[in-house]
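I wanted to look up a loop residue and some ring contacts here.

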Amino acid sequence: MKSKAHLKSHPIHPMLIPFPLALFTATVLFDIAAIIFNKEALATTAYYIQIVGVAFALIAAVPGIIDYIYTVPPDSSAKKRAGKHGILNTITVIIFLVVWFYKRGESPSAYIFIAAELLGFVLISVAGWMGGTLVYRNHIGVYNRYGNSGKWKEQYFDSSDKTLLVASVNELQENQMKLLHIKDKRIVLAKTENKYVAFDDRCTHKGGSLAGGSIMCGTVQCPWHGSQFNVFNGYVTAGPANEKINIYTLTEQDGNIYLVL
Ligand code: FES
């Protein structure tokens with residue numbers, strides 16, 4: 001799914017995370033080197049690198065939180081994974097910040113500090129692994145488009161009306177989808193070869209976003225594990241999902257498409 005925090009469709013969070021990763025790793029290495037070579041200057045270098053790492057981690061967290069809230073599909077395996085990823089990163093930042101704070105009054109290369117930093121290094125490595133799964137398997141921030149799918153489209157509605165104007169007849173091209181956020185609901189509006197259709201965005205397998213998948217010949221395919229659903233009746237045409245998706249009624253009037261909830 002396209003990231004909400006992006007620069008010309010490039011997600012910002014993955015651009016920033018190499019900085020804290022590299023800086024925290026360098027902190028541990030400089031502190032260990034300070035002990036091995038008995039050089040105070042190396043420990044001092046680690047002390048300054050460390051606080052810069054904390055600053056970059058906080059900056060990188062901002063687009064990460066935006067993507068957690070707006071891009072990761074709700075009620076999905078990726079949402080749980082992203083939550084754990086965020087908790088591990090938060091603990092890591094707290095560890096490096098606390099160690100930096102106490103280094104001021106102590107021997108800056110004390111073994112206790114190195115032990116805590118090593119723990120932080122392990123935690124951020126596990127969090128990084130999860131981040132890789134979120135991108136490479138769950139496609140969070142991956143803007144994958146297929147032939148004729150057009151640009152990514154989504155629209156927010158704050159209305160409690162039971163009938164909503166969701167598109168004009170010519171807004172979507174054939175096999176293009178648009179994600180509708182209607183209060184806490186996520187519904188996909190799509191144009192098939194014959195007509196407009198609307199269905200739940202949530203794949204019934206593990207919650208993948210169908211709007212981030214592909215649609216062709218009246219079948220939508222989930223981007224996570226390839227489940228396929230008939231967009232006219234919601235039935236599964238290929239697993240691993242085995243539960244149908246909800247289908248919504250649309251009406252057409254005066255060149256506009258209305259969704260009936
Ligand atoms: S989440 Fe697994 S196929 Fe959709």
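**Ground rules.** I'm working on a predicted model, where local features need pLDDT of at least 70, side-chain atom pairs count only at pLDDT 80 or more, and totals for chains, interfaces and linings use all residues. Residues are numbered from 1 along each chain as its sequence is written, and side-chain values use heavy atoms, with hydrogens and water left out.

**Thr71.** I found Thr71 in the loop between α3 (40-70) and α4 (77-103); helices are DSSP runs of H or I, at least four residues, numbered from the N terminus. Thr71 is buried at 1% relative accessible area (buried is under 20%, exposed over 50%, partly exposed in between, with a 1.4 Å probe and protein chains only). Its side chain reaches the backbone nitrogen of Lys4 at 3.1 Å. Leaving aside neighbours within four places in sequence, I noted contacts of Thr71 (heavy atoms within 4.5 Å) including Met1, Ser3 and Ile140.

**Aromatic pairs.** I searched the whole structure and got five aromatic pairs (ring centres of Phe, Tyr or Trp, its six-membered ring, within 6.5 Å; planes under 30 degrees apart are stacked, over 60 edge-to-face, the rest tilted). Phe19 and Phe56 are stacked, 4.8 Å centre to centre with 15° between the planes. Phe19 is partly exposed at 40%, and Phe56 is partly exposed at 26%. Tyr47 and Tyr48 pair edge-to-face, at 5.2 Å and 80°. I have Tyr47 down as buried at 17%, but Tyr48 as exposed at 52%.

Methods: Helix = DSSP H or I, 4+ residues; strand = E, 2+ residues; numbered from the N terminus. Polar contact = N/O pair within 3.5 Å; in protein donor to acceptor, adjacent residues only side chain to side chain.
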